[in-house]
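Biologist: I am new to this structure and would like to learn how to read it. Could you walk me through a few features?

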Amino acid sequence: MNLRPLGKTGLQVSEVSFGTWAIGGSWGQTDDAESLRALDKAMDEGVNFFDTADVYGDGKSERLLARATKGKEDKIHIATKFCRQGDINDPQNYSEQRVRQWCEDSLKRLERDIIDLYQIHCAPFEILKQGYVFEVLDKLRQEGKIRAYGVSVETVEEGLFCLEKSGVQALQIIFNIFRQKPISELLPRAGERGVGLLVRLPLASGLLTGKFTADAAFEAEDHRSFNRNGEAFNVGETFAGLPFAKGVELASQLGWIAEGRGNMTRASLRWLLDFKEIACVIPGFRNVRQVEDNLGVLAAKPFRAEERERLQKFYREQVHEHIRGAY
């Protein structure tokens, strides 16, 4: 496993890390025993960083991480997020009292004394521009409740704004072969500022595995069913904002990327890791098999310059116009 610096936090994180939204819920049925086996498998293979949030399964993901990492707190780093338990548009949702309570609650569920990376969970841009929440996070860091803080953003504009906040040490962004907008400005600016970039939804909710057909069905409790068109939250969080049938059609044109890289999953992750500004990718998982498949990227060959240009042209000419939602 290769380690990369997470910005200026002082943390060295596994370039393939994992997000825990899927094992908490909203991706279909879960099996806690299998989730724990998968977490153990990841750590055995050198993964030392996991991303979660207080709303994933109403704290379930945090509690699972506490069980899996017991006794390994100094070796396994955890990032969690806050603000979506309340009304994300209400300024009081970001008051010192509210944020402090959420932080304490996450610490209890994680069974830790300090959160390695505490992230604002996709707050509205107007809230970010008000700025008060950053002052609260500065206090929590000074008190030793959190090691560093960052922001999970929906748009490039929000990301660029947050990069100008001196205390922000990490950004979590949606970035994949179908969502290439961050390349031109956000990535180089983050590199200049020394801010670590975490990539969520690197496989576009599974589209970039190449395994779906247009008639694929998802369980009612899976966000790929109930948020397919942005009914519950930003449509960009589901299938990269693409209409599902169009996403399947576009993915069917990408089979060539798997040549010499095992499969489309590994190739899609490799494409991301070829960007030096990326600290880590955080694909989701629900079982050991998915963990193993994602880790297969470590043996995948990098993309050649002409291949990268081919994918950028594909994005510009065939994908971009179909993306919905804030981007």
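Modeller: Gladly! Let me start with a definition: a helix axis is a line fitted to C-alpha atoms over the stretch in contact, and angles run from 0 to 180 degrees between N-to-C directions. Keep in mind that this is a predicted model.

Biologist: How are two packed helices described, and what are the angle and axis distance for α4 and α6?

Modeller: In general, two packed helices are described by the angle between their axes and the distance between the axes. Here, helix α4 (residues 96-110) packs with helix α6 (residues 132-142) at about 45 degrees, and their axes are 10 Å apart. The two helices are therefore oblique to each other. The crossing of α4 past α6 is right-handed. From α4, the contact uses E96, V99, R100 and C103, and from α6 it uses Y132, V136, K139 and L140. Sorted by class, that contact of α4 with α6 has five nonpolar, three charged and no polar residues.

Biologist: Now the sheet. What is the order of its strands?

Modeller: As a general idea, strands of a sheet pair through backbone hydrogen bonds, either parallel or antiparallel. In this model, eight strands form an open sheet with parallel pairing, in the order β3-β4-β5-β6-β7-β8-β9-β10. At the edges are β3 (18-19) and β10 (278-281), each pairing on one side only.

Biologist: How many bridges join β3 and β4?

Modeller: Two bridges, in the parallel sense, join β3 to strand β4 (residues 49-51). G19 has D51 of β4 as its bridge partner. β4 also pairs with β5 in the parallel sense, over three bridges, and F49 has H77 of β5 as its bridge partner.

Biologist: Is β5 largely enclosed or open?

Modeller: Six of the six residues of β5 are buried, so this strand is largely enclosed by the rest of the structure. Look at both faces: H77, A79 and K81 are buried on one side, and I78, T80 and F82 on the other.

Biologist: Which residues of helix α3 are buried, and what do they pack against?

Modeller: In α3 (residues 60-68), the buried residues are S61, E62, L64, L65, A66 and A68. They pack against α1 (21-24), α2 (32-44), β4, β5 (77-82) and α4.

How values were computed:
Residues numbered from 1 in each chain as written. Predicted model: local features only at pLDDT ≥ 70, side-chain atom pairs only at ≥ 80, totals over all residues. Heavy atoms only, no water. Helix = DSSP H or I, 4+ residues; strand = E, 2+ residues; numbered from the N terminus. Parallel < 35°, antiparallel > 145°, perpendicular 65-115°, else oblique. Left-handed = near helix turned anticlockwise from the far one by under 90°. Contact = heavy atoms within 4.5 Å. Nonpolar A, V, L, I, M, F, W, Y, C, P; charged D, E, K, R; others polar. Pairing = 2+ DSSP bridges. Buried < 20%, exposed > 50% of the residue type's maximum accessible area, 1.4 Å probe, protein only.
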